[in-house]
Protein chains: 2
Amino acid sequence: MALIVQKYGGSSVASPERIKKVAERICRARKSGHQVVVVVSAMGDNTDDLLSLAAQVSRNPPEREMDMLLATGEQVSAALLAMAAQAMGVRAVSMTGAQVGIVTDRAHRNARIQDVSAQRIKQALAKGCVVIVTGFQGITPDHEITTLGRGGSDLTAVALSSALKAKICEIYTDVEGIYTADPRVVPNARKLPSISYDEMLELASLGAQVMQARSMEMAKKYNVPLHVRSSFSRRTGTIISKEVKAMEQVVVSGVSLQKDEAKVTICDVPDRPGLAATIFTGISDANINVDMIVQNVGRTGLTDLSFTVPRADLKKVLRVARRVAAKVKAGRVIHDEDIAKISVVGLGMRSHSGIAAKMFQALAKESINIVMISTSEIKISCIIRKNQAAKAIKTIHDAFGLGKQR
Amino acid sequence: MALIVQKYGGSSVASPERIKKVAERICRARKSGHQVVVVVSAMGDNTDDLLSLAAQVSRNPPEREMDMLLATGEQVSAALLAMAAQAMGVRAVSMTGAQVGIVTDRAHRNARIQDVSAQRIKQALAKGCVVIVTGFQGITPDHEITTLGRGGSDLTAVALSSALKAKICEIYTDVEGIYTADPRVVPNARKLPSISYDEMLELASLGAQVMQARSMEMAKKYNVPLHVRSSFSRRTGTIISKEVKAMEQVVVSGVSLQKDEAKVTICDVPDRPGLAATIFTGISDANINVDMIVQNVGRTGLTDLSFTVPRADLKKVLRVARRVAAKVKAGRVIHDEDIAKISVVGLGMRSHSGIAAKMFQALAKESINIVMISTSEIKISCIIRKNQAAKAIKTIHDAFGLGKQR
């Protein structure tokens with residue numbers, strides 16, 4: 001008998017019918033003798049509906065109240081799932097992040113988990129219950145409701161898996177696993193049987209939308225084995241775990257595409273030490289995650305500083321950037337929303353050279369201009385024009401021979 | 001500067017537009033110098049939507065999970081209202097029943113308030129905030145979410161008014177106040193400027209749907225002055241307070257009609273002491289409120305025992321009644337859903353005779369048959385056929401001269 005954590009995303013619980021399907025799966029796992037903890041997202045469009053309601057009453061809704069509002073979404077789906085499971089004869093109980101004891105800091109809408117007590121879960125499991133936990137949310141030490149930001153339900157699942165020492169954390173989603181590229185864009189993309197945390201971490205941060213970077217970081221840190229799989233089939237998906245030998249033979253595991261970033265440039269920044277720190281401290285204080293940072297070649301004493309941020313944060317970023325720019329006596333702040341980021345990721349890059357050259361050649365062959373470049377040990381990313389993104393990912397996927405064997 | 005509690009029902013916050021209207025009213029009260037605590041119900045049809053979702057996943061949803069589900073409704077409206085008020089420049093903060101410290105017993109879906117700490121509310125008020133509290137819900141000492149049953153938001157408002165020693169508890173609704181009869185049924189019904197707790201208590205328990213009996217009981221017990229008024233106008237409504245001199249001159253204050261009950265009869269109950277206690281203990285253990293009880297004329301050693309219950313509880317009641325009937329060796333359990341209860345209420349009845357006779361005469365004149373009768377010090381209720389209800393209330397309203405002066 002093993003303890004399994006299962007996480008179901010919004011599309012898996014989008015309707016009462018789908019909730020019943022999920023309940024069936026939970027009951028199967030329970031009846032085969034496992035202890036089951038379920039983490040659930042809000043139903044399908046529920047979060048969008050709530051965001052739209054908020055937009056109708058306030059142009060700039062306070063984040064504390066947004067958390068009060070948004071946290072209801074998972075409470076609804078968790079309660080419904082518990083009902084559905086009980087109707088199928090399995091004891092089940094829903095719990096909120098507050099009840100479970102998922103304690104976070106006070107950064108509303110993007111809170112970080114500080115502690116997971118999980119005491120109540122253990123008690124309920126000991127009684128033979130399936131425990132259904134609201135994903136995406138926690139509570140501060142002074143009982144304020146917080147949400148964990150994008151992909152927060154994955155984070156909840158990984159944190160609980162770690163706290164409960166789960167055998168596996170199953171991430172149910174609407175795709176069959178992790179692919180060499182997004183199959184909607186690259187038709188001959190291949191499903192990977194396994195992938196390492198580090199590769200997945202790069203893929204996640206680069207827009208393979210299956211799992212979010214923060215969850216992968218936590219999974220890696222606490223060595224929580226993940227199984228990304230479809231809630232609509234019983235096929236095995238992709239196992240994410242520590243690096244394994246077989247993986248090293250593959251140079252590039254996948255190509256990812258991210259289209260939800262925007263590029264911001266602060267022009268004519270005085271070229272003095274400490275100014276970059278001032279700028280990015282200001283932005284980080286506003287809880288915005290900056291992605292790529294490039295400092296362009298400077299003219300005498302002045303440089304242009306470019307960086308990318310989630311497009312959803314652009315308004316906030318521009319406000320902060322303009323304030324900071326004025327403070328450090330820099331010039332205009334300009335932005336560009338029509339960009340895409342394309343990246344190749346692979347553990348094998350560490351011991352193979354020429355990967356970057358191959359990628360740039362593939363792009364050049366299709367006359368795709370590169371706006372920014374950034375590299376890490378196991379990935380290379382290029383910012384390109386958004387309207388060339390689909391062409392770019394196909395040509396790179398082919399160049400690295402990632403497609404299915406014909 | 002006074003402390004005011006305002007309670008807004010579901011129709012008052014049914015849409016973002018209405019929420020903004022409510023926010024305006026809150027801001028007006030705040031800006032005129034009052035401390036304001038707001039209790040809010042779920043948006044319009046939200047509760048029905050949630051009930052429908054539950055019905056789609058389970059034929060018999062567990063009550064604990066129903067509370068998890070239903071409690072989200074008020075959390076949504078409270079957060080939205082706080083956003084709307086802040087957008088109008090008034091500091092506002094939403095709080096759940098759990099955060100406020102509304103501690104209840106464990107009777108899910110019909111919990112009773114045991115304690116109100118309100119400590120957090122006082123702190124927020126001291127900082128100049130308007131506090132917006134989710135109505136209808138509380139939390140058990142072991143952190144289970146509970147709901148207070150029908151009219152639960154009124155109960156929250158009254159409990160908070162008492163705990164905070166509010167000057168007045170304003171109950172905003174979609175009618176202008178308390179009328180001599182339901183104006184939708186009796187067109188010449190008159191709005192009462194004031195009414196006593198006791199009369200309102202009878203009217204509430206008898207289906208004048210403005211306020212629920214439990215809230216009135218609590219208001220009376222803690223002497224919380226209420227002002228029932230419309231959220232769509234600025235006119236004064238009806239003040240509910242302790243008995244005042246002027247009231248005594250009126251014999252009958254109002255006529256009420258209740259159509260949401262069903263009559264249950266346990267036939268052939270052995271006529272032994274203690275059996276009624278056994279029967280009604282069984283029903284009360286299931287958290288069902290029995291209303292009228294009549295024991296019909298018995299044949300040798302056997303009696304028929306009839307009582308009325310909320311029609312929503314009928315299924316549950318029948319289950320319990322059949323079990324108890326078998327236990328005490330009684331006969332069949334039959335039920336009748338096509339009934340209505342019509343009642344006249346008035347403090348003046350205590351010192352006036354002939355009220356019952358006048359009521360029965362009015363019904364007889366219209367050939368309306370009386371199925372059950374029950375009386376208290378200040379009310380007389382008759383169960384009649386449901387299809388004669390409208391005719392009955394009009395004729396009684398006229399008989400007591402309650403209509404507007406022409």
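Residues are numbered from 1 along each chain as its sequence is written, while chains are lettered from A and ligands numbered from 1 in the order in which they are written. In this predicted model, local features need pLDDT of at least 70, side-chain atom pairs count only at pLDDT 80 or more, and totals for chains, interfaces and linings use all residues.

**View 1. Two copies about a rotation axis.**
Two copies of a chain are related by a rotation about an axis and a shift along it.

**View 2. The side of chain B that touches chain A.**
In this view, 29 residues of chain B are in contact with 29 residues of chain A. Two residues are in contact if their C-beta atoms, placed from the backbone, lie within 7 Å. Helices α1, α2 (46-57) and α3 of chain B each supply at least two residues of this side. Helix α3(B) gives the largest share, 14 residues. Helices (H or I, at least four residues) and strands (E, at least two) are DSSP runs, numbered from the N terminus. By class, this side of chain B has 18 nonpolar, eight polar and three charged residues. Ala, Val, Leu, Ile, Met, Phe, Trp, Tyr, Cys and Pro count as nonpolar, Asp, Glu, Lys and Arg as charged, and the others, Gly among them, as polar. The copies meet through the same surface, because 100% of the interface residues of chain B are also interface residues in chain A.

**View 3. Helix α1 against helix α3 in chain B.**
Two packed helices are described by the angle between their axes and the distance between the axes. The axes of α1(B) (residues 16-31) and α3(B) (residues 63-87) come within 9 Å and cross at roughly 60°. That makes α1(B) oblique to α3(B). Axes are lines fitted to C-alpha atoms, for helices over the stretch in contact, and angles run from 0 to 180 degrees between N-to-C directions. Angles under 35 degrees count as roughly parallel, over 145 as roughly antiparallel, 65 to 115 as roughly perpendicular and the rest as oblique. The crossing of α1(B) past α3(B) is right-handed. A crossing is left-handed if the near helix is turned anticlockwise from the far one by less than a right angle, and right-handed if clockwise. From α1(B), Ile19(B), Lys20(B), Val22(B), Ala23(B), Ile26(B) and Cys27(B) meet Leu80(B), Leu81(B), Ala84(B) and Ala85(B) of α3(B). The contact has nine nonpolar residues, no polar and one charged.

**View 4. Helix α11 against helix α12 in chain B.**
Helices α11(B) (residues 355-365) and α12(B) (residues 389-399) pack at an angle of about 135°, with their axes 9 Å apart. They are therefore oblique to each other. Their crossing is right-handed. Lys358(B), Met359(B), Ala362(B), Leu363(B) and Lys365(B) of α11(B) meet Ala392(B), Thr395(B), Ile396(B) and Ala399(B) of α12(B). Six residues of this contact are nonpolar, one is polar and two are charged.

**View 5. The four-stranded sheet of chain B.**
Strands of a sheet pair through backbone hydrogen bonds, either parallel or antiparallel. This open sheet of four strands runs in the order β15-β16-β14-β17 (chain B), with antiparallel pairing. Its edge strands, β15 (293-295) and β17 (333-336), each pair on one side only. The twist averages 20° from one strand to the next. Two strands pair if DSSP finds at least two bridges between them. Three bridges join β15(B) to the antiparallel strand β16(B) (residues 302-310). Gln295(B) stands opposite Leu305(B) of β16(B).

**View 6. Strands β14 and β16 in chain A.**
Strand β14(A) (residues 261-270) and strand β16(A) (residues 302-310) pair in the antiparallel sense over eight bridges. Which residue does Ile266(A) stand opposite? The residue is Leu305(A), in β16(A).

**View 7. Helix α9 against helix α10 in chain A.**
The axes of α9(A) (residues 275-285) and α10(A) (residues 314-327) come within 9 Å and cross at roughly 145°. Their crossing is right-handed. Thr278(A), Ile279(A), Gly282(A) and Ile283(A) of α9(A) make the contact with Val317(A), Val320(A), Ala321(A) and Val324(A) of α10(A). Six of the contact residues are nonpolar, two are polar and none is charged.
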